[in-house]
Every structure is written in structure tokens, then in C-alpha cells.
Amino acid sequence: MQRLAWQAGLTDPIPSIVTVHRGGVGPLGDETASGLREIAEQDRPTHVGVAEVVHGDERWMVIALSRRRLRLGAVPRHLTRGARLVLEGAIEAGLRAPTLSLAHPDGRVEDQPLGEGPDFLARVPLDVAGVWQVEIEATGSEGNTVLANFPVYVDAAAPETPDDEAPEQVGDPEEVEASLFSMINEARTHEHLPPLALLAGLTTAARSHCQDMAEHHFVAHNSPSQGNTADRLQRVGLRSGLTLENVARGYGPREIFEGLMASPGHRANILNSDVTHVGIGVVRGPSGNGLLVTQDFVAVATAIDITAAAQSLLRAINLARQGRGLAPLEERPTLTTAAREASAGFFRDPARTQQQALQDASARVQREGLLYRRISVAAAFGPRIDGAERLEPLLDDAARFIGVGVAQGDHPESVPNSVFVVYVLAVPR
């Protein structure tokens, strides 16, 4: 369906389709009317197309509906290498911050902000022959929304006809979830990326969001009752420094997956090199016509050597201090012991907060107070240790001594195997 829409010159996201087999010329029937009502409630379409084929007493009717949420000037679909693609238009009221996601012929995706809106203008040099995929997105009450998605052919021929494939055999929702999971990892393997693992909590959140969309007739990232992606993951006990989500609708796993891969933004989520785990949810639409899909991606830390990690952080901190012209920090055993005990204790007690862990570290070194004019503590917490060396307190020009504690484990405030780093800094008398 996507390729047919492109051949017809449409820039809108994939239209919704209702196919009707009519034996005569009477009304469309209750099932068709129910399907159209469902689309109207979910999509609030602005444009419609109808086609009918008559053969004797048999009639086939196809109704296509789409929602157009931007004004876009005419865009040529065939250009020569070195030409500039001009995208000019305006997004509808209620949307903001339009973004251009551009997939190069080699699959690389580049994002370009287009201002706050509503008007936008972009001139993109197309310096490589091949198929460039153009997508315009914006942010609104529903979250990030695709407004346009279409290919531009640079010194390349467009397909004359869509692929003629046999209809998919669609199983129950769990079978579709398994098929989509397999397709995701096949695509990642093809791009020399590590496969993703399933995470039960993510699957629970994804299925719950699909059910919410089905029951309340919407297809979007943000739920009127359940909040945004981060809200939903926190509800099942997951937090991650990197959370990505794809939401889709279709009639079979292959069609859904190819539609996601044809969208630069969704493709970038599937092929993100930093995510490690995925949860996939699938439910049938309210009338049983079509499938609603949610894919949630997060980064979960792999096991690390916590002693080596602490030393690596200290080296990185002192390198950063050197760049600022500051004296290096010297590790002190008493400070290190306090930092290690505080970081490890954070994971031993699920109810323990970061602030309580820092208070533990501070209390432990109070008896060293005669040796130091000032003691301060800082912490970094997340799915990975990357960036933990960039905390501003580590660049205190008066500090001379440090203790670093690193621990790894599970905590209700983050994804499994997260990392908690505690720093104890001291200023000499």
C-alpha cells in the first residue's frame, strides 16, 4: 500500500484502507460502516479516495483515507545528482518544532531541525545517486508525529509497479510479535549491529499501550490516560537514559515492518547502535480489522569490572581537570571506602534513594573532618557508565582528594543492570 501511495504522488503517511466486496448496489453494510467509523475516530482523516471495479453483478470498492497535517509545496520526485531538494511549507496549528529526517541512499539517517514552525524551509543537497527517503515530523499533544514520508529518486528509476506479493498469513498477536522481533534482528544483523534481546517489562508496557490505543481509538505515542513513553516504562519499573518507541498500524507483520523501515525516523530506532533490548506489543484493532503495534527500545548496561571502571573514571576526570588547568585529584583510601560502601548499599536496598546513598557516604567520612576543610559528594546513575566523569563538582578547583565507588545492579528507578557511581571529594585544610 505504501508504494502505491508513493506512485500516486502522495506525501502523507500510509493511508488507511477499507476494501468492500459488494454483490449488488445496496448499502455498504454494517461491518464496512464500523470499519470506517473506527478509522474516523482514530485518524480524523481529511482526505478520501474511492475506486470501484464492476464485473457483471460483482462490485469491488476500495476506500482510502488519510490525514494531512501540513502544507507542502510541490516536490519533484526525480532529480539529478548535485541538485537541491527544496522543502517549503507549514505545519498545522497545534504542532511545533518540525524536523526533517533524511535517509541517504546508503541507509544513513540525518536529522535536521526546521525551526519552531509553523512555516519551514529546507534546501538539501543531493550529492549521491540513489533513493533518498524524506520524512517530516513535528511534536504535538500526541507526541512526535510523522506528517510526510516519500522517496526522491536521484539519477535512479522509480519502480514501475509495486511488488506483487502473496497476502500474508497473519496469526495471533503473539505470533506477529515474534515475527516482528525476528525481522528487527535480521535487519540489525544485515547492518552488522548486535541483535536485541527481549525484556519482559518492556513487552508488558508495549502490549498495554496497544490495548490502550485499541480501547480509546487513537494511534500515537502519548496516551490521554497513560501519559508518554517514559511514564509508561516507569510504571512497570523501568527507566533508561535512552528510550525509543515505534508505533504502527497494519495488516500483517511484513507490511508493518517494511512500513517502519521505509520511515527514516522509525528505521533509525530499529537500527540504533546503542539500544540493547526491545519489547513488542501487538493487539487487534477494535473491529478486528488490522493490527496495532508498539515497539519500545532501551539501553541496558552490560556487566562491567567495577574496580577497573572506577580507575578509568579517575583517569578521565584528571584528564578533564588538566584541560581546565586544574590540579589532578589524588585517591584516598578512606574516601574510596566511603564511596564504595554507598554505591553498593544503593542496590542492596531497593527503597534506598540516591540522596540517602550520598548521605551515607558523607556520614562515613565525617570523622575525617579534622583532615579536610570541606567534604562534598556527587553521584551519577543510569543504564551505562558513559558520561559519569563529566559531573561539574569534579572540576572544583579547590578539591585535591577523591574516592570513587562504582556498583552495578537492579533498582526500581532504572532498567536492570544499571550503574551507580559515587564520588567523595575533599578539600585539604
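Helix 9, in this predicted model, comprises the 16 residues 333–348. From its first C-alpha to its last it reaches 22 Å, close to the 22 Å expected at 1.5 Å a residue, where the expected span is 1.5 Å times one less than the number of residues. Helices (H or I, at least four residues) and strands (E, at least two) are DSSP runs numbered from the N terminus. Local features need pLDDT of at least 70 and side-chain atom pairs count only at pLDDT 80 or more, whereas totals for chains, interfaces and linings use all residues. Residues are numbered from 1 along each chain as its sequence is written, and side-chain values use heavy atoms, with hydrogens and water left out.

Leu335, Thr336, Ala338, Ala339, Ala342, Ser343, Gly345, Phe346 and Phe347 of helix 9 are buried; buried denotes under 20% relative accessible area, exposed over 50%, and partly exposed in between (1.4 Å probe, protein chains only). An α-helix has 3.6 residues a turn, so residues three or four places apart point the same way. The buried residues of helix 9 pack against helix 10 (354–364) and against strand 16 (330–331), strand 17 (372–382), strand 18 (401–409) and strand 19 (418–428).

These four strands form an open sheet in the order 16-18-19-17, with mixed pairing. Its edges are strand 16 and strand 17, each of which pairs on one side only; two strands pair if DSSP finds at least two bridges between them. Within this sheet, strand 18 and strand 19 run in the antiparallel sense over 9 bridges, and Gln408 has Val419 in strand 19 as its bridge partner.

A further open sheet consists of 5 strands in the order 5-11-10-7-8, again with mixed pairing. Strand 5 (78–79) and strand 8 (109–113) are the edge strands, each pairing on one side only. Strand 10 (residues 130–140) pairs with strand 11 (residues 143–154) in the antiparallel sense over 11 bridges, with Ala138 opposite Thr145 in strand 11. The loop between strand 4 (70–72) and strand 5 contains Gly73. Gly73 is partly exposed, at a relative accessible area of 34%. Its C-alpha atom is separated by 57 Å from that of Gln356, 283 residues apart along the chain.

Strand 15 (residues 291–298) is mostly covered, with 8 of its 8 residues buried. Leu291, Val293, Gln295 and Phe297 lie on one side, and Leu292, Thr294, Asp296 and Val298 on the other. Strand 15 pairs in the antiparallel sense with strand 13 (residues 243–250) over 8 bridges, and Gly250 stands opposite Leu291. Strand 14 (residues 277–284) likewise pairs with strand 15 in the antiparallel sense over 8 bridges; Val283 has Leu292 as its bridge partner.

Overall, the protein contains 10 helices and 19 strands, and its C-alpha atoms fill a box of roughly 100 × 50 × 40 Å along the principal axes. Of its 429 residues, 46% are buried. Among contacts (heavy atoms within 4.5 Å) between residues at least 6 apart in sequence, 69% join residues at least 24 apart. The accessible surface, from the Shrake-Rupley method with a 1.4 Å probe, comes to about 21100 Å², of which 51% belongs to carbon and sulfur atoms.
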